[in-house]
Amino acid sequence: MPDNKIHRALLALLRSGLWGENENIISFPLSGEQWVQLYNFARQHTIEGIVFDGVQRLPFDMLPPRELMLKWAVKIDQIERRNMQMNVCIEEELNFFNGQGLYPVLLKGQGVAACYAVPEHRVCGDIDWYFEQKNQYQKANRILKQRGIKSSGTAGFSTEYVWRGILTEHHTRMFDIHNPFCFTYLDRLQKQFYNERLKSEFQGHTLLLPAPILMVLQVNVHILKHLLSFGVGLRQLCDSARVYHTYQMKLDGQELKQIYQTLGILKWIHLLHTVLVKFMGLPSASLPFELPDASDADWMMDEILMSGNFGFFHPRFEGQTENAGLVRSHVTRRLWSNMRRYFKFAPMEAVSFPLVQFYSKLAVK
């Protein structure tokens with residue numbers, strides 16, 4: 001694992017790329033070997049595009065070696081092309097859905113990328129569509145089958161398929177909340193903020209996004225879900241920071257705090273907010289409510305730094321491969337460890353998550 005100097009350098013470049021401001025360069029210069037470690041570390045967390053934006057703000061004599069800069073520039077070009085491909089897929093799928101009278105809501109992904117200063121440098125993943133009514137979800141899946149598009153069920157009661165090389169998922173739930181006692185409350189929230197859904201023009205189509213307060217909630221509980229499973233990368237923290245910053249004037253802080261409290265995750269949210277301000281550079285004024293006086297979240301950041309993107313690179317768990325099929329090891333032990341770690345901060349989610357995952361996998365089979 002990279003040493004603390006590389007951690008500090010990486011986070012400094014990440015903050016610079018996120019916010020477009022020069023950071024403290026006390027960790028620089030780096031040796032050629034250290035730059036290679038930093039680059040690989042950025043890739044493990046899928047933040048190489050944002051970090052590259054920060055690199056370009058460094059003084060000339062502190063830049064990475066020329067060979068690495070060229071390699072990095074090629075990677076940035078690939079990220080930009082992948083984002084263009086993603087946008088084409090979203091356009092085609094929107095046209096496909098709308099032609100069938102379906103108007104799903106886009107979750108995460110390109111909707112969150114729009115909150116970035118340079119959206120095309122955010123590494124994109126898959127496409128997530130949320131269908132507000134179960135009959136719409138079923139209709140969409142039925143039409144896919146009629147068109148000969150092979151799809152499969154996934155844990156969490158969703159459907160996935162590949163469209164022009166891009167993984168696409170259909171969901172009947174907007175939020176990765178697993179506590180069954182919260183489902184009715186979440187349904188009420190969606191109805192309450194239905195008229196505040198965001199609409200944007202996208203390649204000649206109207207793209208629906210969640211209301212700002214629900215987008216923040218959706219992004220944050222998605223982070224918690226992955227922390228309860230195998231881990232999460234720095235890109236997801238970037239998403240949370242940028243969404244908070246972009247929509248800060250459209251959020252009722254006390255209302256959002258009450259939502260977190262009702263869902264039983266407020267203590268964990270305090271940890272997340274601390275990480276966003278202390279390590280990601282989110283201005284504290286962009287938070288919806290004040291941080292408590294003492295929120296030690298360094299341990300959580302240490303875990304995130306070690307885990308890499310969705311926990312594939314955690315050094316404590318050997319037996320993983322870094323080819324086309326990344327494989328996690330010690331699955332049961334990791335789930336149990338994370339449940340114990342986060343129980344005091346989000347008890348019902350910590351207990352409910354593994355149970356729901358197990359049940360939904362049985363249902364898929």
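Residues are numbered from 1 along each chain as its sequence is written. Because the model is predicted, local features need pLDDT of at least 70 and side-chain atom pairs count only at pLDDT 80 or more, while totals for chains, interfaces and linings use all residues, and side-chain values use heavy atoms, leaving out hydrogens and water.

Let us start with cover. Residues are called buried under 20% relative accessible area, exposed over 50%, and partly exposed in between (1.4 Å probe, protein chains only). Here are some examples.

| Residue | Relative accessible area | Class |
|---|---|---|
| V351 | 34% | partly exposed |
| N141 | 15% | buried |
| C182 | 4% | buried |
| C89 | 1% | buried |

V351 belongs to helix α14 (residues 347-364); helices are DSSP runs of H or I with at least four residues, numbered from the N terminus. Together with F343 and L355, V351 makes a nonpolar surface patch of about 280 Å². Such patches take residues with over 30% relative accessible area and no salt bridge, and join nonpolar side chains within 5 Å and like charges within 9 Å. A salt bridge here is a side-chain nitrogen of Lys or Arg within 4 Å of a carboxyl oxygen of Asp or Glu.

What about disulfides? Counting pairs of cysteine sulfur atoms within 2.5 Å, the total is zero. C89 is in no disulfide, and its nearest cysteine sulfur, that of C124, is 9.5 Å away.

Finally, N141 sits in helix α6 (residues 134-146). Setting aside neighbours within four places in sequence, N141 is in contact (heavy atoms within 4.5 Å) with T159 and H170.

Note on methods. Areas by Shrake-Rupley, 256 points an atom, 1.4 Å probe, with all protein chains shown as cover. Helix = DSSP H or I, 4+ residues; strand = E, 2+ residues; numbered from the N terminus.
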